[in-house]
Amino acid sequence: MKLDHTGIAVRDMQEAISFYTNVLGGTLTKEYSNPAPGVASNIAVIEFDDAHIELLTPTSPDSPIARFLKQRGKGVHHIAYRVENLDQAIEEAKQRGLTFLEDTYRTTPFGRRLIYMNPRHSHGVITELCDYPEKPPKKKKKKKKKK
């Protein structure tokens, strides 16, 4: 398991992008919206040499990011840890008595699978486990034998 990224809840996406790129020297590499229920947010990925962050702003007043901003204000929303195999990591954690917010299990538009752990286990920190399974190799078409 290794640190993958930090998610940061922001109110003003353009202001936040400007800070992380112009002041801290990061590079904006992706900007997209995820309208899925339980997500409903705009996301900007800022890359640094060996790390990246995700800026998150709500697109709906009932999205998890909107609730977070209302309850806690802007700032660190979650810390994500990359695992080798998400399903296996979930099973091993469950065997140790950990629980997950099952409705958060999903695959992003860029192929990252993720789930959030119940924050009661991590001292109130929202913790994401994620992996990046490779696309299965394309099957080679068998050549028909000439008769």
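Modeller: A residue is called buried under 20% relative accessible area, exposed over 50%, and partly exposed in between, with a 1.4 Å probe and protein chains only. By that criterion Ser41 is buried, with a relative accessible area of 3%. The model is predicted, so local features need pLDDT of at least 70 and side-chain atom pairs count only at pLDDT 80 or more, while totals for chains, interfaces and linings use all residues. Residues are numbered from 1 along each chain as its sequence is written, and side-chain values use heavy atoms, with hydrogens and water left out.

Leaving aside residues up to four places away in sequence, Ser41 touches Tyr32, Ser33, Asn34, Thr57, Pro58, Thr59 and Ile65; contact means heavy atoms within 4.5 Å. Ser41 belongs to strand β3. Helices (H or I, at least four residues) and strands (E, at least two) are DSSP runs numbered from the N terminus.

Strand β3 is part of an open sheet of eight strands with mixed pairing, in the order β2-β3-β4-β1-β5-β8-β7-β6; two strands pair if DSSP finds at least two bridges between them. At its edges stand β2 (27-34) and β6 (100-107), each pairing on one side only. From one strand to the next, the twist averages 25°; axes are lines fitted to C-alpha atoms, for helices over the stretch in contact, and angles run from 0 to 180 degrees between N-to-C directions. Strand β3 (residues 41-47) runs antiparallel to β4 (residues 52-58), and seven bridges join them. In one of these strands, β4, Leu55 is the bridge partner of Ala44.

Two helices pack on this sheet. Helix α1 (residues 13-23) touches β1 (2-9), β2, β3 and β4, and its direction makes about 165° with that of β4. Helix α3 (residues 86-95) touches β6, β7 (113-117) and β8 (127-131), at about 175° to the direction of β6. Leu86, Ala89, Ile90 and Ala93 are the buried residues of α3. They line one face of the helix, because they fall within an arc of 100° seen down its axis, the arc being that of the directions from the axis to the C-beta atoms. Their cover includes β6, β7 and β8.

As to confidence, pLDDT is the predictor's confidence in each residue, from 0 to 100. Among the elements of the chain, mean pLDDT is lowest for β6 (94) and highest for α1 (98). Over residues 137-141, pLDDT stays under 50, and the model has zero contacts there beyond four places in sequence. Where pLDDT is low, the predicted coordinates should not be read in detail.
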